[in-house]
Amino acid sequence: MRKWTVLWAALIGSMVFGTSGCADQSGFDPQYIIREEKSADEAESTAETRGYEPEQPQENSTETNPLTKEHIREVSELYYAYHHLDGERQKIYLEMFDALTDMKSGVPLSTVDKSVLDVVFACVMNDHPELFYVDGYQYTEYTLGDVVTGITFSGTYSMASAEIEQARLLIEQRLAECFEQVPLNEDEYSTVKYLYEWLIDHTEYDRTAENNQNICSVFLQGKSVCQGYAKAMQYMLQAADIQCVLVTGFTNGERHGWNLVRVNGEYYYLDPTWGDASYASGSADGALDSFVPAINYDYFLVTTDEITRTHSIEKVVELPVCTAIDDNYFVREGLYFESYDADRLALIFDSEETRTAGSVTLKCDNSETYDLMVQTLIESQAIFDFVDKQGESIAYTSNDEQRTISFWNV
């Protein structure tokens, strides 16, 4: 729970700020499966429609059983989900991916087990944000008596070929503008941070945005919801040759989407939607309180422990346990505290960065440090030892889950 409060010489007033899941989920998971069963002589078919629900990973799903060379081609490490399927499912993945890329219909799959289709299709979509025109898929099951003899696959699409090509050109143009200043020659942290900030600066959270489940909403309209944010983040990171995958799940009982990203060889979670104040404000018109910064870093490159305090992960394939903190924003920016340190606090509040921004956020390593910082800086008002605001106000917010404290008007 976030708490917004204003500090005076004496504390007055408070209002509760709640963080919730992606508010508009009516279209969050647009994939639908239309099942058609046909006999070997293609007699009359029956159809059934149902919603897509990712299959839970099987035991040992992280182990790979490579296919022979004639069955598989080299696939970039950028695509996390692909590399965490076994060899049989990797082959089906590529068959689906090729069909969706070329918009083919009735493509034979190398399986007669329809139970694997959901999870493999989810892996393709979680790896490939450039398939922005894919709505879902259909499959046709061929039987001879009670024996399944084959399955064919077809994608379902929201755009015609001409529309797709036009959208793709506009997206690439927008991406090129973004990459004009991206620090690709620096370490991966700097690249991820730049792209995260660019995405938030150029996107407004809007439940009514068109195509808000794909990257078109971000790059073409500048408005989206959580899945659009996460897929756009993934699209940019992959363009920068950084591995990133879409992760889905729940926050406060509502569906949500965010990212898993590999930075400098370690895995972290990243939630660009929760980093955008236009989402956090909960305001229909996107209006923000004057002291709220546009970008929040509480969910920028965090551990599994940190993300699961607020996010429930829906695993399509096995995900790593993220424990690294070296590239967490607060660690990299010198704002991470393992104990109360008055000398460091003085340097931070007196720094040029804090003075220019007019605000600063501090993160604590554990609950004990966090509680001490809150008690000392806020309850005992020691913040005024570092900021000369006698008779004036300092605004702050604290995030108990992420153990961060932010101050404005400093």
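**Helix packing and an antiparallel sheet in a predicted model**

Helix H4 passes helix H6 in a right-handed crossing, a crossing being right-handed if the near helix is turned clockwise from the far one by less than a right angle, and left-handed if anticlockwise. The structure is a predicted model, in which local features need pLDDT of at least 70 and side-chain atom pairs count only at pLDDT 80 or more, while totals for chains, interfaces and linings use all residues. Residues are numbered from 1 along each chain as its sequence is written, and side-chain values use heavy atoms, with hydrogens and water left out. Helices (H or I, at least four residues) and strands (E, at least two) are DSSP runs, numbered from the N terminus.

The axes of H4 (residues 188-201) and H6 (residues 226-239) come within 10 Å and cross at roughly 140°. This makes H4 oblique to H6, since angles under 35 degrees count as roughly parallel, over 145 as roughly antiparallel, 65 to 115 as roughly perpendicular and the rest as oblique. Axes here are lines fitted to C-alpha atoms, for helices over the stretch in contact, and angles run from 0 to 180 degrees between N-to-C directions. From H4, Val192, Leu195, Tyr196, Trp198 and Leu199 meet Tyr229, Ala232, Met233, Met236 and Leu237 of H6, where contact means heavy atoms within 4.5 Å. The residues of this contact comprise 10 nonpolar, no polar and no charged; Ala, Val, Leu, Ile, Met, Phe, Trp, Tyr, Cys and Pro count as nonpolar, Asp, Glu, Lys and Arg as charged, and the others, Gly among them, as polar.

Helix H3 (residues 161-179) also meets H6. Their axes come within 12 Å and cross at roughly 65°, and the two helices are therefore roughly perpendicular to each other. The crossing of H3 with H6 is right-handed. Ile171, Glu172, Leu175, Cys178 and Phe179 of H3 touch Tyr235, Met236 and Ala239 of H6. By class, the residues of the contact of H3 with H6 are 7 nonpolar, no polar and 1 charged.

S10 pairs with strand S11 (residues 254-263) in the antiparallel sense over 8 bridges, and two strands pair if DSSP finds at least two bridges between them. Val245 has Leu260 in S11 as its bridge partner, and Leu246 stands opposite Asn259 in S11. The hairpin of S10 and S11 has 2 residues between the strands, and Asn252 takes a positive phi near 55° there. S10 also pairs with S14 (residues 312-314), in the antiparallel sense over 3 bridges, with Ile313 in S14 as the bridge partner of Gly249.

Most residues other than glycine have a negative phi. Met103, in the loop between helix H1 (87-102) and strand S5 (107-108), has a positive phi near 55°.
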